[in-house]
Amino acid sequence: QLRNTPLYGFHVQNGAKMVPFAGYSMPLSYGNIGAVASHHHVRSSVGLFDVGHMVQSIFRGATATAFLEWLTPSSLSALEPYSSTLSVILNEKGGIIDDTVVTKHAEDAFYVVTNAGRRDRDLAWFKERLEEWNASERAKTGKVEHEVLDGWGLLALQGPEAAQYLQALTSFDLRALTFGKSAFLPIEGFNLHVARGGYTGEDGFEISIPPSETVEVAQLLSKAPVQLTGLGARDSLRLEAGMCLYGNDLDEDTSPVEAGLTWVIGKDRRENGEFIGAEGVRKHLKEGPPRRRVGMFVEGAPARQGAKIFAPNGGEQLGVVTSGIPSPTLGKNVAMGYVKSGWHKKGTELEVDVRNKLRKATLTPMPFVKTSYWRGE
């Protein structure tokens with residue numbers, strides 16, 4: 001039984017082709033506009049994505065910062081109010097249960113967004129860890145509560161014209177809202193939580209909306225030049241931006257060090273931070289990980305998820321492709337994957353098996369397409 005976001009009817013009215021994704025019925029594309037045209041529109045103008053399948057949560061309580069610093073390796077106590085960080089939820093071995101964006105509202109209140117495909121695993125994990133925490137000495141100054149914002153909408157307005165479009169709807173000066181910051185904004189009579197950031201590499205905003213207002217806000221945010229954009233373009237945009245997709249590029253057997261996400265681990269926490277999975281993470285930090293996530297250009301034909309990566313001249317298998325597409329922006333085939341440590345330096349030439357033919361691949365730094373986040377004047 002597929003779940004629907006609050007905008008299911010809105011998508012159907014707007015001619016969406018609906019497909020199953022992460023347990024939800026989601027728009028792949030709209031009308032006769034293909035994924036590549038949608039992709040270009042977001043890179044050059046502005047697109048609107050329904051990301052209401054993501055799980056939105058609030059953690060509250062006197063020890064909320066300490067609890068989330070046990071659950072993740074990030075330095076949340078150092079985070080300013082209304083600032084966000086990408087983070088990871090780790091299992092006991094240091095493998096990634098999920099990647100997440102954590103927004104601190106105050107020392108005792110956090111807004112956390114996790115992936116739809118990991119919903120059951122994440123919510124069960126939160127429940128177990130909260131029970132353990134609240135029953136321990138660590139919660140003696142106050143227990144932590146978890147609330148899931150079920151039925152809430154989440155919209156991502158993305159592209160170089162996103163700020164100009166949104167600015168026309170609010171009295172708040174958006175120049176003050178830099179990348180990674182959030183605020184409650186008055187938008188045409190609504191008071192909405194808006195975070196500046198996103199999954200496309202472009203400037204943009206993620207807007208959280210109470211259930212009764214979601215359709216109205218979507219209508220407000222989807223007038224020209226905004227184009228409704230589906231999963232097809234979302235995948236190519238995020239890959240060009242070098243962003244991971246859970247289930248493709250991240251899983252429970254991959255550490256944040258292997259995934260190139262060492263930067264989400266607070267510098268003050270690498271040596272002696274007490275977080276779940278710390279031992280496995282420290283081992284990879286000290287000894288180096290056995291494999292590393294890399295970006296590559298592939299000649300001739302696009303390498304897809306599962307394609308094997310080899311040393312040159314049909315040498316040993318070094319790893320596997322986890323995501324790959326023909327890049328609409330660059331006109332080249334790009335891919336992301338994992339290779340054995342030592343083979344991960346930029347400029348290294350490898351081979352990828354695409355449909356039983358070995359094709360040349362050259363490792364290149366990510367993002368493949370330069371990001372355009374708004375970091376201030």
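Student: Which element gives the largest share of the lining of the second largest pocket?

Tutor: This is a predicted model, in which local features need pLDDT of at least 70 and side-chain atom pairs count only at pLDDT 80 or more, while totals for chains, interfaces and linings use all residues. Residues are numbered from 1 along each chain as its sequence is written, and side-chain values use heavy atoms, with hydrogens and water left out. On a 1 Å grid over the protein atoms alone, a pocket is an open set of points with protein on both sides within 12 Å along at least five of seven lines, and lining residues have an atom within 4 Å of a point. Here strand E15 gives the largest share, four residues, and both E15 (291–298) and strand E20 (357–364) supply at least two residues each; strands (E, at least two residues) and helices (H or I, at least four) are DSSP runs numbered from the N terminus.

Student: What volume does the second largest pocket have, and which residues are closest to its centre?

Tutor: A volume is the space filled by probe spheres set on the grid points, which are joined across faces, edges and corners, and for this pocket the value is about 280 Å³. Of its 15 lining residues, Arg293, Val294, Gly295, His344 and Met366 are the closest to the centre.

Student: How many cavities of 30 Å³ or more does a search of the whole structure find?

Tutor: A cavity is a set of points where a 1.4 Å probe fits but cannot get out, and the search finds one of 30 Å³ or more. The largest cavity has a volume of about 40 Å³, and its lining includes Met26, Pro27, Phe49, Asp50 and Arg234. Two or more lining residues come from each of E3, strand E4 (47–50) and helix H7 (231–240).

Student: Is His11 buried or exposed?

Tutor: Buried means under 20% relative accessible area, exposed over 50%, and partly exposed in between, using a 1.4 Å probe and protein chains only; His11 is buried, at 2%. His11 sits in helix H1 (residues 8–13), and its side chain makes a polar contact of 2.7 Å with that of Asp50. Such a contact is a pair of N or O atoms within 3.5 Å, where within protein one must be able to donate a hydrogen and the other to accept it, and residues adjacent in sequence count only if both atoms are side-chain atoms.

Student: How many bridges join strand E2 to strand E3?

Tutor: Two strands pair if DSSP finds at least two bridges between them, and six join E2 (residues 16–21) to E3 (residues 24–30), which run antiparallel. Ala16 has Tyr30 as its bridge partner in E3.
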